[in-house]
Amino acid sequence: MEDLYQEIILDHYRNPQGRGLREPFESQVHHVNPTCGDEIDLRVHLEEEDGVTRVADVSYAGQGCSISQASASVMYDSIAGRTLDEALESLARFQEMVQSKGQIAGDEETMGDAVAFAGVAKYPARVKCALLPWLAWKDAVVQATEGGPHE
Amino acid sequence: MSSPLDARRVREDFPILERAVRGGGRLVYLDSAATTQKPLAVLDAERDYYLTSNAAVHRGAHQLAEEATEAFEGSRARIAAFVGARADDLVFTRNATESLNLMAYAFSNATAKAARGSALPEGADRFVLREGDEILVTEMEHHANLVPWQEVCAKTGAVLRWIPLTPEGRLDLSDLDRLVNERTRVVSFTQQSNLLGTVNPVAPIVDAARAVGALVVLDSCQSVPHMPIDVASLGVDAVAWSGHKMLGPTGIGCLWATPDTLASMPPFITGGSMIENVTMESSTYAEPPKRFEAGVPMVAQAVGLAAACDYLDALGMEKVAAHEAALTAHALTRLTEVPGVTVVGPTDLIDRGSAISFTVDGVHPHDVGQVLDSSGIAVRVGHHCAWPGCRAMGVPATTRMSPYIYNDAQDIDECIEALGRVRAVFGAR
């Protein structure tokens, strides 16, 4: 169980980073995990400067287990302020790790606190919890970049 | 705790309960409302059928086909007898979900056929819905007894109504007179809630439905495995339940209905075995129960479920109910000792089954379940396919323990002990 509930994860769960829905934003999504009822509302705010798109803010609210809540907090730390390309790479690395059934340990150098979720991969029922905020963010980015401005 | 059943003796018939989990710990299985474990007698019966008599039933001129047919129809009679029914009134389905869909589709199919003037069985008027007709369910239904009726409404223009819940998690029948009215055509409700453990009063709802001529469907998934049931004496038109929640195999469910009800229903799944005559233009259909059993049926599962009925009858369903009542009383008392734990559902023992949902203040049910799992304790977490019921009770999800014949007070005590550690893990105050 200590594999799953790493101290880093519990810290993020108790003191979530970036929580709360903020303005401005280009898109907002609502994702649920239908097997357990976890929910997240997530907004993304992108800014373009010199042809480079940056994740200026990602803000969220919701309810769920420690894994989904901590994952949202870690995601905020990992991608807020980064370029969109860097953030998408973070998503890819995170998704690859938690879906690897424990085969990919993750690289602390590039992933930071997100590497603490490596243990989640050994609990198939919890992978969806860890991915909930990340896939919500991906969906919001797609809507923001393809769907035009929110207002 | 005093019980008429010796759970330790019962456990010897369930080898899976001897296996180790999560690094060597003893398995404490408290998730029987989701599915029960299977005794050796059930596994042996299935294996024996495959070893000696396996064949496609109701066809073929050979000895195996004859024996398989006998095993299948004999099992139907055995399972029907378990609930005081006649074999001809028992339809086999995949599970209770399919049984309830079979009832729901009788309405949408009859309505669609009537609109086109297509042939319907005699008496099918009961199943033809008109704009503004009403279907009544309750707020505590499993999705299996809610979503199919929502679909019927979407297809026919009928309106869905529901009996709300009291804060304690019982049906609020104060408005029953208004909810069951001359527009009500179907009342479909659960006999025992899988989320709250509440045992519902069948008689007053049946009386109200009868007074307006509405058809009554009962979801007895959580009652047939746990208490003596005599379907005919319930006064309802149809009863649905699953095999795998009563020691039987997965892949078999039951629908009992009165002969008049079955005879007047159009078919649901169509194809082989359910026909009377087939031409290129059209077909006529077999009498029930075959009308509702298209394709090669689940013979081995029927044999296994019949063996499960033998097993439960040998224990005695009165004793099963008394054993569960003793476990429930013990669990409800012990849960009050754990700080931050709140039971979601009735906290007294009156009309109360063994499915016990609860929340732990400050900790999400998924995390509660994970900590219990690390001690080998298997419980269910989430909305238990009763999402509206959770919302009505003001919780997003719960943790649920559901003991059965192979559990004893020690299992409950180990669960309580592990629950005491949960809040420390997450630093909840």
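Mentor: Axes are lines fitted to C-alpha atoms, for helices over the stretch in contact, and angles run from 0 to 180 degrees between N-to-C directions. Helices (H or I, at least four residues) and strands (E, at least two) are DSSP runs numbered from the N terminus. This is a predicted model, in which local features need pLDDT of at least 70, side-chain atom pairs count only at pLDDT 80 or more, and totals for chains, interfaces and linings use all residues. Residues are numbered from 1 along each chain as its sequence is written, while chains are lettered from A and ligands numbered from 1 in the order in which they are written.

Trainee: How is helix 3 of chain B oriented to helix 9 of chain B?

Mentor: Helix 3 (residues 63-82) and helix 9 (residues 299-315) of chain B have axes 8 Å apart and an angle of about 40 degrees. Angles under 35 degrees count as roughly parallel, over 145 as roughly antiparallel, 65 to 115 as roughly perpendicular and the rest as oblique. Therefore helix 3 of chain B is, relative to helix 9 of chain B, oblique.

Trainee: Which strands of chain A stand at the edges of the sheet?

Mentor: The open sheet has 3 strands in the order 1-2-3 (chain A), with antiparallel pairing; two strands pair if DSSP finds at least two bridges between them. Each edge strand has a single partner strand, so one side of each lacks a neighbour in the sheet; these are strand 1 (27-33) and strand 3 (52-63) of chain A.

Trainee: How many bridges join strand 1 of chain A to strand 2 of chain A?

Mentor: Strand 2 covers residues 38-49 of chain A and runs antiparallel to strand 1. A:S27 stands opposite A:V44 in strand 2 of chain A. The number of bridges joining strands 1 and 2 of chain A is 7.
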